[in-house]
Amino acid sequence: MAVLPIRQVPDPVLRQRAKRITSFDGSVQRLIDNMIDTLHSAGGVGLAANQVGVPLRLVVIHLPETEVVCLVNPEIVKRSGEREVVEGCLSIPGYQGELKRSERVVVKGHDRWGREVRLRAEELMAQALEHEIDHLNGILYIDRVEGPDKLTRIKPEAEAEPGM
Ligand code: CO
């Protein structure tokens with residue numbers, strides 16, 4: 001397993017629409033393991049494959065005190081509620097922004113072995129799913145921030161939101 005370099009803005013791969021995964025072969029399994037290593041090494045809570053330069057529809061999410069969730073070809077099938085969040089991205093270091101995310105989402109997709117999964121999530125997990133699935137569509141959180149005053153540089157002494 002290996003830690004991969006994380007692509008940062010304005011790398012064009014972050015603006016690419018990622019392709020569906022159709023084969024759950026060894027190369028996909030290696031990519032998943034490397035993305036989990038990379039996520040842990042960066043101290044983040046979520047990572048999309050575009051962020052390591054691979055435009056495939058694959059995300060890994062690891063929230064504190066939960067197990068790693070790996071989703072292939074994830075799709076949001078239902079969203080409800082709305083809440084204000086402060087969010088950061090591993091591909092946009094040094095900044096965080098205020099934006100609105102859904103309170104709850106239902107996501108369908110596949111696990112790392114190609115089995116169909118359906119996931120109900122709320123709060124931080126719902127936020128991470130929306131953030132990572134946005135990445136797969138070439139969308140960054142800064143696109144959803146409602147004005148320049150809602151995007152701020154993180155002060156060195158301040159505690160930052162975990163990156164995704
Ligand atoms: Co991100």
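Predicted model: local features only at pLDDT ≥ 70, side-chain atom pairs only at ≥ 80, totals over all residues.

Student: Great. In what order do the five strands of the open sheet come?
Tutor: The order is 1-2-3-6-7, with antiparallel pairing. Strands are DSSP runs of E with at least two residues, helices are runs of H or I with at least four, and both are numbered from the N terminus. Two strands pair if DSSP finds at least two bridges between them.

Student: Why is one side of strand 1 and of strand 7 left without a neighbour in the sheet?
Tutor: Strand 1 (46-48) and strand 7 (116-122) are at the edges and have a single partner strand each, so one side of each has no neighbour in the sheet.

Student: And how many bridges hold strand 6 and strand 7?
Tutor: Seven, in the antiparallel sense; V107 stands opposite L119 in strand 7. The two strands form a hairpin with five residues between them, and G114 in the turn has a positive phi of about 95°.

Student: Now helices. Which strands does helix 1 lie across?
Tutor: Helix 1 (residues 26-42) lies across strand 1, strand 2 and strand 3 (69-80), at about 40° to strand 2. Helix 2 (residues 123-136) packs on the sheet too, touching strand 1, strand 2, strand 3, strand 6 (104-110) and strand 7. Contact means heavy atoms within 4.5 Å, and angles run from 0 to 180 degrees between N-to-C directions of lines fitted to C-alpha atoms, for helices over the stretch in contact.

Student: What about the sheet with three strands?
Tutor: That one is open and antiparallel, in the order 4-5-8. Its edge strands are strand 4 (83-87) and strand 8 (151-153). Helix 2 lies across strand 4 and strand 5, at about 65° to strand 4.

Student: Switching topic: which element gives the largest share of the largest pocket's lining?
Tutor: Strand 3, with five residues. By class, the lining has three nonpolar, two polar and seven charged residues; R17, E75 and D134 are among them. Ala, Val, Leu, Ile, Met, Phe, Trp, Tyr, Cys and Pro count as nonpolar, Asp, Glu, Lys and Arg as charged, and the others, Gly among them, as polar. A pocket is an open set of points on a 1 Å grid over the protein atoms alone, where a 1.4 Å probe fits, with protein on both sides within 12 Å along at least five of seven lines; lining residues have an atom within 4 Å of a point.

Technical notes:
Residues numbered from 1 in each chain as written. Heavy atoms only, no water.
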